[in-house]
Amino acid sequence: MGVWDKEGVPHKGWRCVGMVDLGEDADDMDFNTRKDELYEKCEMCNQEGVRYVHLMQHPEYQGELRVGCICAAKMEEDYDLPRQREKNLKNRHMRKMNFLKKEWEQRTNGNYVLKYKGKYITIIHSKFNKKFLGVVYDGTSIWVYNHKKICDLRTAKLAAFDIYDN
Ligand SMILES: [Zn+2]
């Protein structure tokens with residue numbers, strides 16, 4: 001049982017305030033080995049296996065509900081919008097995985113570079129601690145991804161994707 005039948009939970013008039021792709025950074029291997037982390041339950045109907053989470057808010061409901069596509073469609077009374085949002089996330093995930101396959105050029109100083117819009121995205125090692133990596137582009141540098149310091153090349157590339165894909 002989810003909260004569809006719970007008193008005080010409106011059925012209509014919700015709006016989506018954000019989307020989460022729980023498998024955003026997951027590759028094929030992750031989907032085999034740590035599948036459990038990549039899906040959650042719909043809070044509205046308790047259906048399992050939700051990877052694309054719609055964050056729903058309502059003026060008469062405190063906080064937000066994390067739901068799947070079918071419930072989102074009912075809650076906002078729109079059957080196209082939620083599907084479109086999921087499609088956007090699916091495409092983004094595909095672009096991200098393709099981006100990870102790009103060949104970066106390794107420089108003799110240990111940096112990795114990728115040309116983008118006439119400039120270079122550069123992955124560098126921290127001067128202070130070699131174990132930390134940063135992504136530098138157009139005067140800005142990123143050292144944190146998902147609230148954690150970047151410690152491996154794959155994570156650095158995931159961080160670089162946010163620069164590349166916007
Ligand atoms: Zn649901």
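View 1. Helix α2, which spans residues 69-76, has six of its eight residues buried, so the helix is largely enclosed by the rest of the structure, here shown as a predicted model. The buried residues of α2 are Cys69, Cys71, Ala72, Ala73, Met75 and Glu76, and they pack against the strands β1 (15-21), β2 (52-58) and β3 (61-67) as well as against helix α3. Following α2 comes Glu77, a residue whose phi is positive, near 50 degrees.

View 2. Arg85 is a residue of helix α3, and because its relative accessible area is 14%, under the 20% limit, Arg85 counts as buried. When neighbours within four places in sequence are left aside, Arg85 is in contact with Cys16, Met19, His54, Ala72 and Glu76; of these, Ala72 and Glu76 are also among the buried residues of α2.

**View 3. The packing of helix α3 with helix α4.** Helix α3 (residues 81-100) and helix α4 (residues 153-164) pack with their axes 10 Å apart and at an angle of about 125 degrees, and the two helices are therefore oblique to each other. Their crossing is right-handed. On the α3 side the contact is made by Arg92, Arg95, Lys96, Met97, Phe99 and Leu100, while α4 contributes Arg154, Lys157, Leu158, Ala160, Phe161, Asp162 and Tyr164. Sorted by class, this contact of α3 with α4 holds seven nonpolar and six charged residues, with no polar ones.

Conventions: Residues numbered from 1 in each chain as written. Predicted model: local features only at pLDDT ≥ 70, side-chain atom pairs only at ≥ 80, totals over all residues. Heavy atoms only, no water. Axes fitted to C-alpha atoms, helices over the stretch in contact; angles between N-to-C directions. Helix = DSSP H or I, 4+ residues; strand = E, 2+ residues; numbered from the N terminus. Parallel < 35°, antiparallel > 145°, perpendicular 65-115°, else oblique. Left-handed = near helix turned anticlockwise from the far one by under 90°. Contact = heavy atoms within 4.5 Å. Nonpolar A, V, L, I, M, F, W, Y, C, P; charged D, E, K, R; others polar. Buried < 20%, exposed > 50% of the residue type's maximum accessible area, 1.4 Å probe, protein only.
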